[in-house]
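Welcome! Let us take a walk through this structure together, from its open spaces to a few of its side chains.

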Amino acid sequence: MTEEAPLLSRWALAAAVAFACAAGGASLAVMPPGVALVTGLLALLMALITLIDFRHFIIPDVLSLPAVPLGIIANIVVFHPDDWMAGFSESVLGAVLAGGAFFLLRALWFRLRGIEGLGLGDVKLAAVAGAWLGPEMLPAACLAAALGGLAAAVVLLVLPGRQVRMSDHMPFGSFMAPVILLFWAWRVLDAVPFW
């Protein structure tokens, strides 16, 4: 029986944890402790997704699926503590809109081109974005992630000796995950008063 190789090396895992601790610690300077803790947890999940998708072109369900209910809870606690139903509705609407739009985009691309343009992991990560960011920030977040991917493709195009073909894969989750974290921090800092 062969043992499966880990998705991340110990060093990459340690780097993700260190990044999450740094993000949570930095958040403490400008956010209440509970919100900083939630931000640190999101930072850990997004760092792991970024590294794993970059290396293996997969987004494990064990990271993305729990992030949806965590985003719903965070949205309620941080932005709607007095009206949980409003926070719940906002998060669920964001998750359904984002996940649904990415699923339709995936299906349309497959229908037109006969190849998979987006993986189901990207669809689930879009639902994560919707749960954490709500529907209002989704268009800007998706645009930022797409522009990040496009910029990376342009860099690869201009590198000497590197050929980029239409069939090449790009780990979209590695661009979307950091955007989710950045837009969450932006949303929190815009809404939660400083100490």
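**Pockets, a buried residue and aromatic pairs**

Let us begin with the second largest pocket, whose lining residues divide into six nonpolar, one polar and four charged. Keep in mind as you look around that this is a predicted model. The space in this second largest pocket comes to about 190 Å³. Its lining is made up of Phe79, Glu90, Leu133, Gly134, Pro135, Glu136, Met137, Trp186, Arg187, Asp190 and Ala191. Helices H5 and H6 (173-191) each contribute at least two residues to this lining, and H5 gives the most, with five residues.

Now turn to the largest pocket, which holds about 1,100 Å³ of space. Its lining counts 33 residues, and Gly117, Asp168, His169, Met170 and Phe172 are the ones that lie nearest its centre. Of the lining residues of the largest pocket, 20 are nonpolar, six polar and seven charged. Helix H4 (84-113) and helix H5 (120-158) each bring at least two residues to the lining. H5 provides the largest share here, with nine residues.

Glu90, part of the lining of the second largest pocket, leads us to another residue. The side chain of Glu90 makes a polar contact of 3.0 Å with the side chain of Asn75. Asn75 belongs to helix H3 (residues 61-79). Is Asn75 buried or exposed? Its relative accessibility is 0%, so Asn75 counts as buried, the limit being under 20%. Leaving aside residues up to four places away in sequence, Asn75 touches His80, Gly87, Glu90, Ser91, Ala131 and Arg187.

Finally, let us look at the aromatic rings. How many aromatic pairs does a search of the whole structure find? The search finds five. Trp84 is exposed, with a relative accessible area of 55%, whereas Phe88 is partly exposed, at 34%.

Another pair is Trp132 and Trp184, whose ring centres lie 4.9 Å apart with planes at 90°, so this pair too is edge-to-face. It links distant parts of the chain, as Trp132 is in helix H5 and Trp184 in helix H6, 52 residues apart. Trp132 is buried, with a relative accessible area of 1%, and Trp184 is buried as well, at 0%. Together with Phe79, Trp132 and Trp184 form one aromatic cluster. Phe79 also brings us back to where we started, as one of the residues lining the second largest pocket.

Conventions:
Residues numbered from 1 in each chain as written. Predicted model: local features only at pLDDT ≥ 70, side-chain atom pairs only at ≥ 80, totals over all residues. Heavy atoms only, no water. 1 Å grid on protein atoms, 1.4 Å probe; cavity = no way out; pocket = protein on both sides within 12 Å on 5 of 7 lines; lining within 4 Å. Points joined across faces, edges and corners; volume = space filled by probe spheres on them. Helix = DSSP H or I, 4+ residues; strand = E, 2+ residues; numbered from the N terminus. Nonpolar A, V, L, I, M, F, W, Y, C, P; charged D, E, K, R; others polar. Buried < 20%, exposed > 50% of the residue type's maximum accessible area, 1.4 Å probe, protein only. Polar contact = N/O pair within 3.5 Å; in protein donor to acceptor, adjacent residues only side chain to side chain. Contact = heavy atoms within 4.5 Å. Phe/Tyr/Trp six-rings, centres within 6.5 Å; stacked < 30°, edge-to-face > 60°.
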